[in-house]
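Colleague: Please take me through how to read the charged pairs here. What is a salt bridge?

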Amino acid sequence: MEHVPEQIVVMEGVASSEHFLVGGEKPRRVLDDINLLIRSAEIWGINGTSLFEIKLLLEIMANIRPYDKGKCVLIERGMMRLKRVILKHVFYIGGSEMLYNNMNVLEFLMFAAAKSKINRVELQEEIFELIIAIGLGHLSLTPNYMLTKEEKAVITLIAAAFSDSLMIVFNLPKYVWDEVLIDAISKMTSFIKEKRKTLILATQNCLLIEKACSHTAITKNGLLIYSGTVENFRLSFDKVEVIIRDKAVESMKEKLTLLLPGYELDVKGGSLMISRKTSEVSDHGIIYKKIIESGFTPDSIEINSKTVQNAYEELIRQHDLQE
Amino acid sequence: MTPTRYTTQEQIEAMRQEILHEKEKLAGISSGKAPSESRLPHGRRALKTVSGAAFLALCLLLVWSIISIQITKGRGGIPNVLGFQVFAVESGSMEPTLEVGTMIVSRIPKDPGNLKVNQIVTFRTLSNAIVTHRIIEVINNNGSKAYRTKGDNPINSPDQDLLTPNRVIGVFFAKIPF
């Protein structure tokens, strides 16, 4: 049986060769002391305050950028600090111009999967039905030149899923994803996991991380400030328990502040967010009781389902306060 | 037809039908029915058999030629296929009939002692060089034949040495046009 490496990326104290030059200040490394472990069949969403940082991190992971300090092991192979070669085990997507414009989507994917040993007709059926299943049936026979760059990127991701590469690096943090494409990527990640491949994607879209990723890593000022599962991230950092929507949220906030001393109340976009101050699990029933006691009947009360967006904002806020 | 931005449901269904059709065809072949084969008319089937045999013969000839060329080359001889040899003209002595760089095909003569005037022959000179010139005279010398040869180029004079039949390699057969 073929040996499938368990550890796909191991980074220990990695620092980038690139520096930020800020006027009057000491130059700062773009990335410093990065420790990260990515295992087989995990889907990682790399987010951060700087697009350049996250793009560079993925470039180092794909072995196309040198690094200065530390150790980086890629698919159980040590990466030489100055060597810039994309290994055959890595499918790197750094742009959307990998598609041939004289083909349509299905033709291109058949071309990309040509090395596959599956019967051509069966392969064509599998690819075609997969495109439809991930919600991109409306693009299945569209000429490639008519696609947007984001659509092209997703098609390239499908090609990567059918390749021999164990690790897919989807390094397009500037791209703007709509719901259809987020859903398509999310469904593709299930397919990628089934094939025991690992996907690492760079994005600042929290919804994409929430829907598609099993793990996330967050960078800020060149440092990794979180790495772990998306679920843990949401539960640990999104402290908003209840969201109240009403016209009179401001007066409601004043009254509820007195009734809920263990909670923090914040008005955001016309909604009143009730967040816990501690890391303990709160009882939504108590909050509901206190709202009723206040004498208000809000238009809507919603128990927050814990989002990556809220967790991300909270994490960044905590780090801003520390600095 | 101008391609559209989005694939329609009709196009998707048509593609599905096409794939299904291909799958059925494939299933027919793998189960040994070979529907397309059995429906071939008798004449076409015969033609297919003949062309198959011809192709096989051609492949065998090619393999045999490669082997024979290698063997002959190994022995220091001039390679030939079915008695035909290919030479490249390296000098202008036969211009304008054969220009420099022309590829010619020569046939090994059945009887080198019975060649005629005007035939172009490829032969070894006494200094062992290979030359292609025209026979301009057949000389009978006490029962044994010899040939006087000359290049077609008007500036050439007849070759000094008479050509004896044992040094004849081939008789010009054709010029390869390119």
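Modeller: Start with one residue: Arg196(A) is partly exposed, at a relative accessible area of 43% (buried is under 20%, exposed over 50% and partly exposed in between, with a 1.4 Å probe and protein chains only). This is a predicted model, in which local features need pLDDT of at least 70, side-chain atom pairs count only at pLDDT 80 or more, and totals for chains, interfaces and linings use all residues. Residues are numbered from 1 along each chain as its sequence is written, chains are lettered from A and ligands numbered from 1 in the order in which they are written, and side-chain values use heavy atoms, without hydrogens and water.

As to your question, side chains of opposite charge can pair when their charged atoms come close. The rule for a salt bridge asks for a side-chain nitrogen of Lys or Arg within 4 Å of a carboxyl oxygen of Asp or Glu.

Colleague: Which residue forms a salt bridge with Arg196(A)?

Modeller: Glu6(A), with the closest N and O atoms 4.0 Å apart. Arg196(A) sits in the loop between helix H5 (179-194) and strand E10 (198-202), and Glu6(A) in the segment before strand E1 (7-16), 190 residues apart. Helices (H or I, at least four residues) and strands (E, at least two) are DSSP runs numbered from the N terminus. Glu6(A) is also partly exposed, at 38%.

Colleague: Is Glu53(A) buried or exposed?

Modeller: Glu53(A) is buried, at 1%, while Arg28(A) is partly exposed, at 29%. These two form a salt bridge, the closest N and O atoms being 3.5 Å apart. Arg28(A) belongs to strand E3 (residues 28-29) and Glu53(A) to helix H1 (residues 51-61).

Colleague: Where are the partners Asp164(A) and Lys115(A)?

Modeller: The side chains of Asp164(A) and Lys115(A) meet at 3.7 Å, N to O. Asp164(A) lies in the loop between helix H4 (149-161) and strand E9 (167-171), and Lys115(A) in the loop between helix H2 (105-112) and H3, so the pair ties together parts 49 residues apart in sequence. Asp164(A) is exposed at 61%, and so is Lys115(A) at 71%.

Colleague: How many salt bridges does the rule find across the interface of chain A and chain B?

Modeller: Three. One salt bridge pairs Arg16(B) with Glu129(A), at 2.8 Å, N to O. Helix H3 (residues 120-133) of chain A gives the most to the side of chain A that touches chain B, with six residues. The contact (heavy atoms within 4.5 Å) takes 20 residues from chain A and 13 residues from chain B.
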